[in-house]
Amino acid sequence: MVAPKADADCLRPDGRDGTSAAPSTHITVRGLVKRFQGNTVYDGFDLDLPRGEIISIFGPNGCGKSTLINMLSGILPIDGGRILFDGKTITDTRIGYVFQNYREALFPWMRAIDNVGYPLVLMGVAPAEIRQRIDVLVGRFDLRFDLQRYPYELSGGQQQTVSIMRALVIEPEVLFLDEPFSALDYEMTLTMRDQLQKVLAETRTTSLLVSHDLDEAIYLGDKLLLLTRRPTRIAAFLDVSVPRPREPATTTGPAFIALKAQALGIFQSAVRDG
């Protein structure tokens, strides 16, 4: 699944090199380089990511999972290479980002509904359309709490729901999620996973999810991107052929268990050989 290396200048306008990327490719990465204080994290890293699917990213601690999505999203500068979205750079691509720490991501002085609509206000969207878009998301998430409340009046799961809604309200071309449930308790995590998979299945938004939980990565993903230790390479890019919709019982089914065993074997090999 790793594309052959291509010179950035040889890429076609659609971001493909003419041989390696399938027609459904949405994100094309070529020759990616990233170093921190002389330590190499990525060096000549190539990747093609499909359109409209959830790609879960899993790998050893410190391998650069969050670094990868931060570079793809434009939050973190790259030291070399090229990243294209349908042949466009990040500045011409509409993205959404869900941070791990929802408490710091929301504006405490704004009601939840204003937090959700804030990106659209910045974009100059008319109030009526903002309300309409929020109403659509309320229906998709089957919201059971009051968006007129302030973040500090909401539970952790409710605050993270608001964060996810805010990322989706702009109708992003690509959605990035950095361990979005790691600060939630187990019961709320299960609920949030099911809400998220339902909404992303409906919107068909290309999504990249970083997770430190292999069960979660498989449960939510259409693809599972397994990374090695630094300098980071692709250990495997697996199809998650477990049928949707998925539920907690799915994790005890034979297809899920077999894929988890395969992924765990690859992960352990990558850690050992890295």
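Is Ile27 buried or exposed, and what is its relative accessibility? Ile27 counts as buried because its relative accessibility is 0%, where buried means under 20% relative accessible area, exposed over 50% and partly exposed in between, with a 1.4 Å probe and protein chains only. The model shown in these views is predicted: local features need pLDDT of at least 70, and side-chain atom pairs count only at pLDDT 80 or more, while totals for chains, interfaces and linings use all residues. Residues are numbered from 1 along each chain as its sequence is written, and side-chain values use heavy atoms, with hydrogens and water left out.

View 1. Ile27 belongs to strand 1 (residues 25-36); strands (E, at least two residues) and helices (H or I, at least four) are DSSP runs numbered from the N terminus. Not counting residues up to four places away in sequence, Ile27 touches Leu47, Asp48, Leu49, Ile83, Leu84, Phe85, Val174, Thr206 and Leu208, a contact being heavy atoms within 4.5 Å. Between the C-alpha atoms of Ile27 and Tyr97 the distance is 16 Å, at a separation of 70 residues in sequence.

View 2. Strand 1 pairs with strand 2 (residues 39-50) in the antiparallel sense over nine bridges; two strands pair if DSSP finds at least two bridges between them. In this pairing, Phe36 stands opposite Asn39 of strand 2. The two strands form a hairpin with two residues between them, and Gln37 in the turn has a positive phi of about 50 degrees. Strand 4 also runs antiparallel to strand 1, joined to it by five bridges, and there Val33 stands opposite Gly80.

**View 3. Thr93 in a loop.** Thr93 is located in the loop between strand 4 (80-85) and strand 5. With a relative accessible area of 9%, Thr93 is buried. Its contacts, residues up to four places away in sequence not counted, are Phe85, Lys88 and Glu173.

View 4. Strand 3 (residues 54-58) and strand 8 (residues 223-227) run parallel and are joined by four bridges; Ser56 has Leu224 of strand 8 as its bridge partner.

**View 5. Helix 6 and its cover.** Helix 6 (residues 186-203) has 18 residues and reaches 26 Å from its first C-alpha to its last, close to the 26 Å expected at 1.5 Å a residue; the expected span is 1.5 Å times one less than the number of residues. Its buried residues are Thr189, Met192, Arg193, Leu196, Gln197, Val199 and Leu200. Among the elements that cover them are helix 4 (127-140), strand 7 (206-210) and helix 7 (214-220).
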